[in-house]
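Subject: Structure handover and interface notes

Dear colleague,

Please find below the structure that I promised to hand over, followed by notes on what was found in it. I would be glad if you could read the notes with the structure open beside them.

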Number of protein chains: 4
Amino acid sequence: MTTTELELVPASAAPLSTATNMKALVYHGPAQRAWEDKPRPIIQDAGDAIVRITTSTICGTDLHILKGDLPAVIDGRILGHEGIGVVEQVGVGVSEFQVGDKVIISCVSACLKCDFCKKGMYSHCRHGGWILGYTIDGTQAEYVRIPHADGSLYHFPADADEEAMVMLSDILPTGFECGVLNGEVKPGDSVAIVGAGPVGLAVLLTAQFYSPAAIFMIDLDDKRLAVAKEFGATTLINSSDGRAAQRVLDLTEGAGVDVVIEAVGIPATFNICQAIVAAGGRIANVGVHGKPVELHLEKLWDRNIAITTRLVDTVTTPMLLKVVRSGKLQPSKLVTHRFALNDIMRAYDTFGNAAKEGALKVVLTNSAAG
Amino acid sequence: MTTTELELVPASAAPLSTATNMKALVYHGPAQRAWEDKPRPIIQDAGDAIVRITTSTICGTDLHILKGDLPAVIDGRILGHEGIGVVEQVGVGVSEFQVGDKVIISCVSACLKCDFCKKGMYSHCRHGGWILGYTIDGTQAEYVRIPHADGSLYHFPADADEEAMVMLSDILPTGFECGVLNGEVKPGDSVAIVGAGPVGLAVLLTAQFYSPAAIFMIDLDDKRLAVAKEFGATTLINSSDGRAAQRVLDLTEGAGVDVVIEAVGIPATFNICQAIVAAGGRIANVGVHGKPVELHLEKLWDRNIAITTRLVDTVTTPMLLKVVRSGKLQPSKLVTHRFALNDIMRAYDTFGNAAKEGALKVVLTNSAAG
Amino acid sequence: MTTTELELVPASAAPLSTATNMKALVYHGPAQRAWEDKPRPIIQDAGDAIVRITTSTICGTDLHILKGDLPAVIDGRILGHEGIGVVEQVGVGVSEFQVGDKVIISCVSACLKCDFCKKGMYSHCRHGGWILGYTIDGTQAEYVRIPHADGSLYHFPADADEEAMVMLSDILPTGFECGVLNGEVKPGDSVAIVGAGPVGLAVLLTAQFYSPAAIFMIDLDDKRLAVAKEFGATTLINSSDGRAAQRVLDLTEGAGVDVVIEAVGIPATFNICQAIVAAGGRIANVGVHGKPVELHLEKLWDRNIAITTRLVDTVTTPMLLKVVRSGKLQPSKLVTHRFALNDIMRAYDTFGNAAKEGALKVVLTNSAAG
Amino acid sequence: MTTTELELVPASAAPLSTATNMKALVYHGPAQRAWEDKPRPIIQDAGDAIVRITTSTICGTDLHILKGDLPAVIDGRILGHEGIGVVEQVGVGVSEFQVGDKVIISCVSACLKCDFCKKGMYSHCRHGGWILGYTIDGTQAEYVRIPHADGSLYHFPADADEEAMVMLSDILPTGFECGVLNGEVKPGDSVAIVGAGPVGLAVLLTAQFYSPAAIFMIDLDDKRLAVAKEFGATTLINSSDGRAAQRVLDLTEGAGVDVVIEAVGIPATFNICQAIVAAGGRIANVGVHGKPVELHLEKLWDRNIAITTRLVDTVTTPMLLKVVRSGKLQPSKLVTHRFALNDIMRAYDTFGNAAKEGALKVVLTNSAAG
C-alpha cells in the first residue's frame, strides 16, 4: 500500500486482505482473451471504491471489443462494465458507501460535479462516462476499482435478486433512456422496436411502463420474436423478406407508428425506422452505428418528426430500482444462461453464439465471494 | 350565386358586390405567370370565408412553384398563401368572424376538428394544411376563399401595421415553430442559424424571445450577414470558404453549439449542422429539402442529440400576435421592397433576384381595397 | 321544423321521425325530479347534432344538482352529461359525424375555435364547456341536442362495449386529467389517492398507466377500500380514526408521497393531502370544493411542491379510447348496477344511497333504442 | 492544524497564513449583532474549501434572523450566505477548484450525491441545503468554510464585475427559479409580480428572459414601483388602497393574468394572487410565509391553475452566469449602497431601513482582500 493510498483511505477502513492478486478476463488484442492473474486494484483517488464482484455479465459491446472494433481498448485491459459486488474499501472522499455495502455497479461512471453531470448527462462526464472495461479495468474480475463511487454505485436493495439487479448496470437503463424516454412513449401510443436482441427486449420491457396500445417487434429471427411475444409485443414482424416497413404501414392504414426505436445499429434497420415513423412521431436510436445512414429529408422535412441519439446516462437507475422492487418489472426474464465467474471463457463462447444458443443475457456468479 | 351557396350563407350576410371578376396572379406552368382576370371566389362550404385582400406578399415557395418543383400545382392556379384582408362573406358554419372584420390569413388552413388539428399539428390537417396557392387558389389576388375560416384567420389588432402583420401569415411562425421552438432555445444557450435568408432572419428575430447568450449566423452572402448583425446576431460567419463548421468549433473550444437551426435545405448546409451540434444539443430543420442527406450516425449515435423536422403549424400565431403587439418584435424589419398589388409582376422580378436586389420580403398593397 | 332549422340541416339528411315527444329525467327544483314527456330536441345551430341515447349514467354531480347546490340549474332542465347514442340529425356545419354514426358523448362541449379550446382547455370553452344537463338539456333522455358536435362527440369503436365506453364521457377523463396528468405520475412514484369513490377509483385505474411503485388509497369506508385493493391499490388506509396522514408518513419514513390526489372536495381531505406531500411532490385536486381550505404555506413555502386544480377538459378522450381498446384498461369494472333508462327514477334511488347499496356507477340502457 | 485536517488537505496545498483570527459579523440573539474577532475556519471534511471573502452582501433573511424569527440560528453564529472570494485551501475530495481560484459562493450547499441533489433539488440536499449563516458560519466575515465546495462554488468569470456576480449567490436564482421558472413565463404572457422589493425586482429582471407581453408590478411603495418601471415593468399598481386585484382585472377585461408571482410572504399579498390568476394560469410563490393563508378552492377548483412553492435550488446558476456574461442582464442595477466589509454594522443600519433609505442590495467590499 503506497503512501498516497494511505492518505486516501479513512483510518477506520477495514484492512484489505493481504492477497494482492486476483483472476480477471483480460483482453490481449482482437480475438485474444484470457482468464488470468492480475494485481488487485487499489484506491487511486479520494472518490474511488474497491468492489469485490459477486455477479457479472457479458455485453454485446464486449464482443465488439474482441472483434477489435474499439481500438481505444488496449492489450491487458480487464473487460466488463456490469456487475454486483461488495464494497471492500473506500477513498476518503466517498460519503454514500461504506465497507461491506452491497452495490450495483453502473456501466457509466459519474463525477456528478462537471457541467455534463449536473445536466444529467453522465454519459459525457468530463471525468468519467463509459470507462469501465474500456479505458480502465472492468468488472469481469474478482475485484474492480470504481472511480467516482458516489455517482457510479447504487445500494443493492435488501432481499433483492442479484440476477435481476445486474440488469440495472447497463441493459435496462440503456433500453429505457435511449429508447423509451427519448421516444417519449405515451399511453395509447403505437410503438415499433426494430431489433429483438437483449437491448431491444429491454426496450420492450420498459416501454410497457407507459401503457402503449400496440408494440410491433421487428427482427430477422423467429426465435427472438417468440421471446418478444412472451415479453409483451402485440405484433411480430419477421423482416427477412425485406417487407417489414410495408407490413407496418399496411397494419396502420398507411399512417405509420408514433414511436420507432432502433436497436440494431445498421443502415438497413435505420431505413425501416424512417419508412414507418408517423407524421408527428419520433425515432429513438439505441443501436451503435459504425457508418453513416442516408436520411430522407426530402420526405421527412415536413413530417414533424424527431430523431434522437443517446449514450445511456444511467440517471434513471433510481427510478428503475423502484419499479423493479415494486414487482412491475422482472428483469431476470432476460437471463438465459448462468456460469461460474471462473468459467467465463466458456460463457463468452456461449454468448458469442447467441443466435445458435438462444442466449440473451449470460450471468456470471463468483461463488468464492459473498 | 348557386343554390348551394345560398344555403351556406347566413340570411343576414351583406350581399357580395355584383361584380364577379377580379385580378389575380396565375400560374401557367413552369416560368409562366400572369396578372389576369379570374372569377371572384364564392362560398363553397359552411366553414368558408371570402376575404378581400388588402396586403399580400411573395414567399420563396412561390418561386419554387414557378420553377416547376411542385408538380401538384396545376395550370391556372392563383398563387400566394400570405395576406391581410377584410371579410366579405362567411359561410353559415363560421362563428368567429363577421363580414367587415379585418383579418390575418394564415398560410395553413386548419379544420380544428381532425386528429392532427386536435394535437396542434395543423400542418397535417386532414381537410386543410398548406393548400392556399398550392392545391386551391391563393392570396395574390383581389379576393380569396379561405376554407375552415375559424381555424385559418386571425383578427387583425386595432391600430396594427399591415406590413408587420402580414409577416405572421407564414414567415414568423415558420421561423419560430420549426426553428426556435423545435430547437428549444433557452436563456444562455449558444445558437447557430445556417442561412440568413428571410426565414433564417425570422428564426433570428424570434430566437431572441428566449435570451440566448450567443447567436452565430452562417451564410455565403456578406450583405445578408450584415442584416443579421443588425437583427441581433452576435457572430457572423461567411461559409464560402468551406470552413464555417471549423470556425464555429474553434469559437466554442471544440464543444459546438447548443441549438443549430438549418434554414436553407441542401446537404451542404445540413452537414454544417451535424458538424457543430454540441453533445446534448439539437438540430432543428427548417429548410425544404429536395434530396437525402448523409447522416453521420457513426459519430452522432452517442452524442445525445435530437434532430427535428416540421412544416409550420401556425399554432403559435396567437402568441406571436401578443409579442408583436407588445413591441418586443418588429417584423416589418423584414420588409425591403413595396409594390402595388397590381404591380405584382414587377414585384416577382425583384424578389426573384433577391440577392442582387437585397430583397427580403416584398410587400404588395391593394390600394383599391380598404 | 322551422325555417331556421331547414337551413341548418343538409338536404341529404334523413328526416327525423315524425314523433315530436320523448321521455326525459327532468329537474323541478331541489329534491324534485320526474321521468316525463318533453319535446324532442331540434337542430338550433349549424354545429349541432341530435343524438338518440342508447346508454346513459348518473354522476355525483347530478345528486349535487338535486340537493340544490347548483342554482344555475333551472326548473324544467333535463339532467345528465354522459351517454352513448346514435346520431339522428346533424347541422350543416358538422363534418366529422353523419346520421347513423354511433357516438360517445363527452360531458364537455368544445367549439374548438375559441382561445381556450385552441389551448386544449375545452372546460373553459367560450361557447361550451360543461353545459349538458346544467345550462342546457342533457343526456338522461331518449334524445339530446349536442352543440359543437364535432368537438363534443367521439366515434364509438366497432365491437366495443357500451357500458365501458360510457365511462369515457366523464369519469375516466376526469380522473386521468385532473388527477393523474396534473399529478404527473411517473414510473416508480408513490401515489396517494384520498377518496375511493367512483372518481377516486377512476384515478386509481388510470394512474397505473404510468407504473407507479406504490398506491396508497385513503377512505372512510372499508368496502370501498376493498374495491380499491382489487383495482390495484397497494396500501389501504381507513381514515376514520383521523390518523391517516400520520400513517402515510410512518410508512414512508417521514418523507411523504410523490403525488397526492384529492378526490373528495372537503377541507379535511385536503388537509391530509397537505400533510403527506413529499418535498418536490404534487397535490392534484380533483374534488369539487364548496368552501375555502387553510393552506399551510408557513410549512410548504420551502417544500418545492405544486398544487393543481382542473375541470376536466376531455382532451385525452382519444388517448383513453386507444388504451381501453388495447385492453389495458377495463372501465366496466366501475359499473355495479344496471337499469333500463325508463327505470331511471329507481336508478337514482340506488345511486343516491351509494354507500349502502355499494354503488359505483349505475348504467342506464335504452332498450327501445338501437 | 489538527491531524484530521492534515489528512484532508492535499500535500501540494498552499499553507494557510499563520494568523488564526479574523473579523466577522456575529449574531448574539435577537437584535444583537457585533463585528468581532472569531477564529478562522479550517477544513473539516474532504469536500470543504476555505474562501477568503472579497465581496459580500446582506439579505432580507438576515434581518429575519436578527428579529429572532429563525430560532435555529444560535448565539455566536456568523451570518451571511452570499459572497465572492478567493479559494485559500481545499479538502482532498475537492476536484473542481484550486487554491487561488476566484469563486461565487452559492447560498445553497449541494453535496451532489444524495437523492435530492441528483434530482436538482439542491435546496433539500440531505447533507447541505441552506446552511451558510444559518446552521453553520456564513459569509459576512473575512473567511468562510464552504462544505461540498464542488457543488456550492462557481468559477468567477474573467473580467466580470464582483458587484454583479454577488447577485448570483442568492437573489437572482431565487427570483428566477421560484418565480420565473415555476411560473413558466412564456413569450406573450401577462405577468403580475406582487412585491417590488429586491426579490420581486429580481423576478422582474429575469422574467424578461422570456419576452412576456405585459408585466404588472404591484407594491405599496411608489418609489419601488418607479424602480420597477425603470427595470421593465409595463404597468405599475400601488396596492395601498386595497383595490390592486380589481385594477388588474379591469385592465385584463376580467380575465386576470397568466402568471402571478408572490414576492412578499403574507396572506394579503397571496390573496391578491388568488384573485387575479387567469383560468389556466399559475401562481408561483417566492415569499417566505409565517402563517397559513386561506385558499379559495371553492372558486379555484375548476380554474385549471397551479400554485407552486420552492426554496431556491441554485441549479440555474450556470445558466444565469451565461446570460449575465452575454450582457442581457445587468444585475448590478439592484445595488443601491456600498460599504467596506468592516463597516458592515452601518450597512445593516441602512439595509434595516430599506424603505426610508431607498435600499435594495447593499454591497460589502473587503478592501483588505484581493
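Chain B can be laid on chain A by a turn of 180° and a shift of 0.0 Å along the axis, with an RMSD of 0.0 Å, where copies are superposed by least squares on the C-alpha atoms of residues with pLDDT of at least 70 in both. Since 100% of the interface residues of chain B are also interface residues in chain A, the copies meet through the same surface.

Before the details, please note that this is a predicted model, in which local features need pLDDT of at least 70 and side-chain atom pairs count only at pLDDT 80 or more, while totals for chains, interfaces and linings use all residues. Residues are numbered from 1 along each chain as its sequence is written, chains are lettered from A and ligands numbered from 1 in the order in which they are written, and side-chain values use heavy atoms, with hydrogens and water left out.

Between chain B and chain A, 33 residues of chain B are in contact with 33 residues of chain A, contact being heavy atoms within 4.5 Å. The area buried between these two chains is about 2800 Å², and carbon and sulfur atoms give 63% of that area; buried area here is the accessible area (1.4 Å probe) that two parts lose on being put together, summed over both. On the side of chain B, the residues that lose the most area to chain A are Trp301(B), Asn304(B) and Thr309(B), together 25% of what that side buries.

The count of salt bridges between chain B and chain A is zero, a salt bridge being a side-chain nitrogen of Lys or Arg within 4 Å of a carboxyl oxygen of Asp or Glu. Strand β13 (residues 293-295) of chain A is joined by three bridges to β13(B), and the two run antiparallel; strands are DSSP runs (E, at least two residues), numbered from the N terminus, and two of them pair if DSSP finds at least two bridges between them. Within this pairing, Val293(A) stands opposite Leu295(B) in β13(B).

Turning to chain C, chain B can be laid on chain C with an RMSD of 0.0 Å by a turn of 180° and a shift of 0.0 Å along the axis. The two copies are thus related as by a two-fold rotation axis. Of the residues of chain B, Gly93(B) comes closest to that rotation axis, with its C-alpha at 2.4 Å, and 94% of the contact residues of chain B recur in chain C, the same surface serving both copies.

In this interface, 16 residues of chain B are in contact with 15 residues of chain C, and the two chains bury about 1300 Å² between them, 53% of it on carbon and sulfur atoms. Here the rule finds two salt bridges, and the side chains of Asp150(B) and Lys113(C) meet in a salt bridge at 2.5 Å, N to O.

With best regards

Note on methods: Helices (H or I, at least four residues) and strands (E, at least two) are DSSP runs, numbered from the N terminus.
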